[in-house]
Amino acid sequence: MPEDQGVNGGRWTDEVSRLFKKAGWEKIADSNIDVPSVDGHQHGIDALFCYEDGFNPKMKQGVFLEAKRYSVDSFQKKKLNDWVHKLDEKIRKLRASQEFLETYPHITDVKLVN
């Protein structure tokens, strides 16, 4: 992993957070947080947002944001598949965590999509 990957990921998270806020999305927590999971472990999330569903304004949608930066030359399809699988598993564990829901009570009002 390059030395600047964390810096670049943080920069990307900051920029997309500003973009989403301008689009009217609500940021639920700080960036780069560790959140409690149903498995008893802490899982890192780059950012957590919610937005009003355009088709059903009474229902807000929740979004987990994860930033990755890969070199085009070294990128492999298997790496993307592994990352998507791990992200899906992380989100499922967080959605089932009572401690996560208590720490971020605002997320209980949204439909989490993954």
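Me: Which residues does V38 touch, not counting residues up to four places away in sequence?
Reply: In this predicted model, V38 lies in the loop between β2 and β3 (42–45). Once residues up to four places away in sequence are set aside, the residues that V38 touches are K93, A96 and S97.

Me: How far apart in space are V38 and G62, C-alpha to C-alpha?
Reply: V38 belongs to the loop between β2 and β3. In sequence, 24 residues separate V38 from G62. Their C-alpha to C-alpha distance in space is 18 Å.

Me: Is K90 buried or exposed?
Reply: K90 is placed in helix α2. Its relative accessible area is 16%, and a residue counts as buried under 20%. K90 is therefore buried.

Me: With which residues is K90 in contact, leaving aside its neighbours within four places in sequence?
Reply: The position of K90 is in helix α2. Apart from neighbours within four places in sequence, the contacts of K90 are H43, G44, I45 and E66.

Me: Which element gives the largest share of the largest nonpolar core?
Reply: The largest nonpolar core has 15 residues, of which V35, F64, F100, Y104 and I107 touch the most other members. Two or more residues each come from β2 (33–36), β4 (47–52) and α2 (77–95). The largest share, 3 residues, is given by α2.

Me: With which residues is Y104 in contact, leaving aside its neighbours within four places in sequence?
Reply: Y104 is among the residues that touch the most other members of the largest nonpolar core. Beyond its neighbours within four places in sequence, Y104 is in contact with I28, A29, I33 and V35.

Me: Is the aromatic pair of W25 and Y51 stacked or edge-to-face?
Reply: The structure holds 6 aromatic pairs. For W25 and Y51, the centres lie 4.4 Å apart, with 15 degrees between the planes. Planes under 30 degrees apart count as stacked, so the pair of W25 and Y51 is stacked.

Me: Where in the chain do W25 and Y51 lie?
Reply: The pair links distant parts of the chain, 26 residues apart. W25 lies in the loop between α1 (5–22) and β1 (26–27), and Y51 in strand β4.

Me: Which residues do ring pairs link into a cluster?
Reply: W25 is partly exposed at a relative accessible area of 22%, and Y51 is partly exposed at 25%. The cluster linked by ring pairs consists of F20, W25, F49 and Y51.

Notes
Residues numbered from 1 in each chain as written. Predicted model: local features only at pLDDT ≥ 70, side-chain atom pairs only at ≥ 80, totals over all residues. Heavy atoms only, no water. Core = buried A, V, L, I, M, F, W, Y, C linked by side-chain atoms within 4.5 Å. Buried < 20%, exposed > 50% of the residue type's maximum accessible area, 1.4 Å probe, protein only. Helix = DSSP H or I, 4+ residues; strand = E, 2+ residues; numbered from the N terminus. Contact = heavy atoms within 4.5 Å. Phe/Tyr/Trp six-rings, centres within 6.5 Å; stacked < 30°, edge-to-face > 60°.
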